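The following report describes a structure together with its sequence.

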Amino acid sequence: MSAAVTDHEHDHEHHDHKPSGIKRWLYTTNHKDIGTMYLVFALIMFFIGGAMAMVIRAELFQPGMQFVEPNFFNQMTTVHGLIMVFGAVMPAFTGLANWMIPMMIGAPDMALPRMNNWSFWILPFAFLILLISLFMPGGGPAFGWTFYAPLSTTYSGDSTALFVFSVHIMGISSIMGAINVIVTIFNLRAPGMTWMKMPLFVWTWLITAFLLIMVMPVLAGAVTMVLTDKYFGTSFFDAAGGGDPVLFQHIFWFFGHPEVYIMILPAFGIVSSIVPTFARKPLFGYASMVYATSSIAILSFLVWAHHMFTTGMPVAGALFFMYCTMLIAVPTGVKVFNWVATMWRGAMTFEVPMMFALAFIVLFTIGGFSGLMLAITPADFQYHDTYFVVAHFHYVLVTGAVFSIIAAAYYWLPKWTGFMYDEKLGQWHFWCSLISVNLLFFPMHFVGLAGMPRRIPDYALQFADFNAFISIGGFLFGASQLLFVWLVVKCARGGEKATAQVWEGAEGLEWEVPSPAPYHTFETPPHVK
Amino acid sequence: MALKHQPLTVKLAVIALAMFGFGFALVPLYDVFCDLTGLNGKTATTAATADAAQIDISREVVIEFIARPNKQMPWIFEPEVRRMTVHPGEIHIMNYLAENPTGRFIVGQAVPSVSPGQAALYFHKIECFCFTQQKLDAGKNMLMPLQFYVDPALPSQFSTITLSYTLYDVTNGWTESTAESTQLGE
Ligand code: HEM
Ligand SMILES: [Cu+2]
């Protein structure tokens, strides 16, 4: 009898044993290891992309050309966008999915662990290729992250082939990651974990994963067409050969709009996990959250041409896309309402994850409102391709997606490391980020409305003061993120021991395993009541 | 264990592959959609018949002509007149001047575009130099005619139609057999 027990214990220790050194990370199929690698990778990319943003803001600090050539400036805006979207935000969400989804649904690991290892390990190569292309003669891609034809076909440099190749790899990685998430959620839920009991983070990721497998292949198609137009004489987008450059924009935005929801739905899931914990109340309107997320995902396929109002389209078309776009604000509004209702009369405390989640709710909503302004077709003729658009998408992506990722990191760090992070340092990080991010992005609305175009290395003199102000905000925001790195390193090294539940109001399976979460969790599925 | 996941994994991979195909299917779909709606301002690539029902003299439509050689195209390319006022149903002939100022033989292809896009459906070309490739020897010039009429069914919100041609150098892809010679110059 006692032999059996020790045997079992021994077994457990054996399980926790992992190869050491680089091999552990190269060959690992463990969802926690892979999740960690994704998160670290995303953080590194966040800083590389951030360094490029610093170059952009340094150049724009004053009117006139100071530091870089226009062509290099364009490479910076292009690669900054590509890295932040595909290298920082998306891998960070995938990392969170890897870590949390199996623990949240009571699964021992992801369903396809080997594919999981592949989908991570091809990513560094994709970005290595993209970054190396910057050092080619003629420079890297300079046509904007949206790579509109004919900029990316007729007028692009020799590095375009590398760009296409690297986007293909990123796409394959995301598709594999998405398939893994879907199969895990469909097949590995613990007994009793019915669909409508799944935590919202799992729900939003499930829907995101479907969006990914629907649209990443379309992006792959678009880059392939650019490749063949440029190198193999096809004319998908070349009017001389019977093609049409506007077709490029349709294909790109058919991918592009769902893509922006890929970057925000998991954020909705994160905020829906954090707010109830710190309000110490169950989430208000769980079912309506699920339906709202699904309807946003479906609607996201019907609005792509709101990026193309100025290409000219029949009034009926413009009206269709305008109304569909505005319709998305309804389910989005439902979500904001539910978060506020969750807090209503809750016993709230304001630890760092909650602070970031609250900032998310307010600032993401501002981004939603500027989106609504852009959705008004005649107004968009004025706003299109100005800094107003830049302000809009940075509110939804930085104070939206990125803030949610930071909130998630604070929320789950104690579960990952077993130690509480330094609350005081975290609050510093929060307040510095909050203030600087608004100095950085809010004035962009004004210069945009006044007509300052985006993606231009120089500007008219009347925008000088605002731009200096924006740049200072940018440098401060960049510097504030160093606090975050310091905090994460500190927390990984030690600190106050975290309990299993970590947060007083936290509920869910991930809070039932000890902190730090053991290498293997839920090898026998828990029973969910 | 892995077997349990295989059916779903395969299904999802098939969806992804199908969506890759869908991206390419958007190309013909877009063309069909634009043909039906005139969305992208492309006019028909074949000749219209001249069975213009009747001339609507109560109405006038201004036609503006824009001609532009593409950046890599060295020809001089201009419309004879910049604008013309027509009655719907009336057949008109309009000439474009093309001149090859270089010292080499060049083949050109003009690609038309109509703005506003939907009016493309109502702009009919009976004869157009854009239907075929045009050739000019070094230093030569020619007049290239366009014969057209505006459909009387043109919706009333359109009072001006802009017809714009971009001329491309297609000498590279040209061989004697692919280009039927056309009898256009005067
Ligand atoms: C109520 C919700 C939203 C509405 C109504 C909306 C509307 C729009 C419109 C009309 C544009 C085109 C502006 C132009 O180029 O003239 C735009 C651009 C953009 N939006 Fe949104 N949006 C919404 C939410 C979001 C979200 C949640 C994200 C991402 C997380 C997002 C990311 C972007 C990006 C990245 C662009 C710029 C793309 C580019 O041209 O580079 N939007 N939005
Ligand atoms: Cu959009």
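## Gln481(A) and its surroundings

Not counting residues up to four places away in sequence, Gln481(A) touches Phe46(A), Phe47(A), Ile406(A), His429(A) and Ser433(A), where contact means heavy atoms within 4.5 Å. The residue belongs to helix 16 (residues 464-493) of chain A; helices (H or I, at least four residues) and strands (E, at least two) are DSSP runs, numbered from the N terminus. Gln481(A) is classed as buried because its relative accessible area is 3%. Buried means under 20% relative accessible area, exposed over 50%, and partly exposed in between (1.4 Å probe, protein chains only).

## Basis of the description

This is a predicted model, in which local features need pLDDT of at least 70 and side-chain atom pairs count only at pLDDT 80 or more, while totals for chains, interfaces and linings use all residues. Residues are numbered from 1 along each chain as its sequence is written, chains are lettered from A and ligands numbered from 1 in the order in which they are written, and side-chain values use heavy atoms, with hydrogens and water left out.

## The copper site

Three histidines of chain A coordinate the copper ion (ligand 2): His257(A) through ND1, His306(A) through NE2 and His307(A) through NE2, at 1.8 to 2.1 Å. Donors are N, O and S atoms within 2.8 Å of the metal (3.2 Å for Na, K and Ca); water is not among the atoms, so sites may look incomplete. Along the chain, the donors of the copper ion (ligand 2) have the spacing H-x48-H-H.

Distant parts of the chain are linked by the pair His257(A) and His306(A), which are 49 residues apart. His257(A) is in helix 8 (residues 245-262) of chain A, whereas His306(A) is in the loop between helix 10 (286-299) and helix 11 (315-343). Both His257(A) and His306(A) are buried. The copper ion (ligand 2) and the iron atom of ligand 1 are separated by 4.6 Å.

## Ligand 1 and its shell

The iron atom of ligand 1 has a single donor from the protein, His392(A) (NE2), 2.1 Å away. His392(A) is part of helix 14 of chain A. Around ligand 1 there are 23 residues, of which Trp145(A), Asp380(A), His384(A), His392(A) and Arg454(A) come nearest; a residue is near a molecule or strand if one of its heavy atoms lies within 4 Å of it. An oxygen atom of ligand 1 lies 2.9 Å from a polar side-chain atom of Trp145(A), and an oxygen atom of ligand 1 lies 2.8 Å from a polar side-chain atom of Arg454(A).

The shell around ligand 1 comprises 13 nonpolar, eight polar and two charged residues. Ala, Val, Leu, Ile, Met, Phe, Trp, Tyr, Cys and Pro count as nonpolar, Asp, Glu, Lys and Arg as charged, and the others, Gly among them, as polar. Helix 8, helix 12 (352-375) and helix 14 (387-417) of chain A each supply at least two residues of this shell, and helix 12 gives the most, with six residues.

## Nonpolar cores

The largest nonpolar core has 195 residues, and Phe86(A), Phe127(A) and Phe147(A) have the most contacts inside it. Such a core is a set of buried Ala, Val, Leu, Ile, Met, Phe, Trp, Tyr and Cys residues joined through side-chain atoms within 4.5 Å. Helix 4 (residues 70-105) of chain A gives the most to this core, with 21 residues. A second, separate core of 33 residues includes Met73(B), Ile106(B), Cys130(B) and Leu136(B).

Leaving aside neighbours within four places in sequence, Phe127(A) is in contact with Phe41(A), Met45(A), Leu82(A), Ile83(A), Phe86(A), Gly87(A) and Met170(A).

Thr224(A) is located in helix 7 (residues 200-231) of chain A and counts as buried because its relative accessibility is 17%. Not counting residues up to four places away in sequence, Thr224(A) touches His168(A), Phe20(B) and Phe24(B). The side chains of Thr224(A) and His168(A) are joined by a polar contact of 3.0 Å. A polar contact is a pair of N or O atoms within 3.5 Å; within protein, one must be able to donate a hydrogen and the other to accept it, and residues adjacent in sequence count only if both atoms are side-chain atoms.

Pro199(A) is in the loop between helix 6 (160-187) and helix 7 of chain A. With a relative accessible area of 22%, Pro199(A) is partly exposed.

## Chain B

Chain B has one helix and nine strands, which run α-β-β-β-β-β-β-β-β-β from the N terminus on. Of its 186 residues, 43% count as buried.
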